[in-house]
Amino acid sequence: MNKKDELSAALTVVDYVVRSEQCLSTEVGDETVLMSVENGCYGGLDDIGSDIWRRLEKPVSVAELCDELVAEYAADRAIIEADVLAYLRSLLQQQMIKIVSR
Amino acid sequence: MSDLPVNARTDFRLCGWRVRSELPLPEELAWVGPEQPVDIDIRLGTVPDALINAVQVTPFLQVAGSGDCRLEVAAAGRYLMRQGREVIVQPAPDATSAEVHVFLLGTVFGLLCHQRGLLPLHASCVRIGDGAVAFCGTSGSGKSTMAASLVRRGHALIADDVTAINIGAAGGPMVLPAMPRMRLWRDALKALAVPHETLQRDRIELEKYALPVRGIGQFLHEPLPLRAIFLLKSANASGLEGGALMPAMESVALLTEQIYRRRHAEAMGRKPELFQGAARIANTVPVRRLVRQLDLGRLDEVAAIVEGLVGA
């Protein structure tokens, strides 16, 4: 495992995450398009992905983020938590977000 | 400097700017507009050996922290571009007028667009109906040929090869008209029934010729709102993919890639601005992929598909 993978695998609900300054984002239609300043890679987020992205503008704990989403989407907490962790780990791996201390 | 004519300063019109130049620009561009301050001043002078505090973006180009650019091409000379307002040209000792102009009207023009906050796309552009339609694609994908076949069908040319877009215009992105000429391959000229013998041959790509666009109504001098963008791709098979809309992420990525002299502009610190600009375009106009066989006998068929999609 390289360092990036270790970092993303280690993410837990008590961590705080925020958008990385290495990532540019913009909304096109219902989608959010991300671009890494460093390597020029692009990513696209669907409507729920975009909703989560909007909530990552300021540092937020994964637990808090899950609370908000459980309320918003009236879904099962365990499912949301698993999905959100998987999603945030992939964003971490692509350096679109970062873990911050709080 | 063999045949380089030097003018008394003369005013020209380019992208709506008033350009005062010691080097002659195409005569069709002579300034006829109202009295207004000069936007860009092009002068002969001495360009320093290097810019202070600069990044060497390519072997030919330096960009300083201030955004000033220095271009040096052995055969043509040195060019210094400051603040999007001033160009100093120091021609190489034996450069011809044509060699000096290739870079002045190409890279220098593109960098001035960047310094002035525009988004120049590597695209050709014509007016169809009441809006501007731009054709992007890699070199050899047929941008100019596409535009030329539409001009033959009665649509006005707005720009060839570099399309300058004012992203922040109040009513949405506006295309600013550039030069009334096109660069076309010899076989494309033949397909369009234009004799090449009297045309000026390209300095670098020898099978390309400069075709002036002088007919009445064939060139548009006024800015026009952007209505659509087509990405041209050539296919070997005879199949024709009639302009599928591209998804958001692909559109933004594609448009960013199609920005003229993008690496130079990124060195000026424009990366975030260009990304937002590409997104603004993708949010405003349809971006379509047009895959067709580069069959010069079928230019009208493809042009008719474009007209249909744009709704002309």
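Trainee: What share of the contacts in chain B with a separation of 6 or more comes from residues 24 or more positions apart?
Mentor: Such residues account for 64% of those contacts, where a contact means heavy atoms within 4.5 Å. This is a predicted model, in which local features need pLDDT of at least 70 and side-chain atom pairs count only at pLDDT 80 or more, while totals for chains, interfaces and linings use all residues. Residues are numbered from 1 along each chain as its sequence is written, chains are lettered from A and ligands numbered from 1 in the order written, and side-chain values use heavy atoms, without hydrogens and water.

Trainee: How many helices and strands are in chain B?
Mentor: Chain B has seven helices and 19 strands (DSSP runs numbered from the N terminus: H or I of at least four residues, E of at least two).

Trainee: And what box do the C-alpha atoms fill?
Mentor: Along the principal axes, the C-alpha atoms of chain B fill roughly 55 × 45 × 40 Å.

Trainee: How much of chain B is buried?
Mentor: Of its 312 residues, 54% are buried (under 20% relative accessible area; exposed is over 50%, partly exposed in between, with a 1.4 Å probe and protein chains only).

Trainee: Changing topic, where does Pro212(B) lie?
Mentor: Pro212(B) belongs to strand S16, residues 208-212 of chain B. Its relative accessibility is 32%, so Pro212(B) counts as partly exposed.

Trainee: Which residues does Pro212(B) touch?
Mentor: Leaving aside residues up to four places away in sequence, Pro212(B) touches Glu28(B), Pro180(B), Arg181(B) and Leu199(B). Arg181(B) is 31 residues from Pro212(B) in sequence, yet their C-alpha atoms are 4.2 Å apart.
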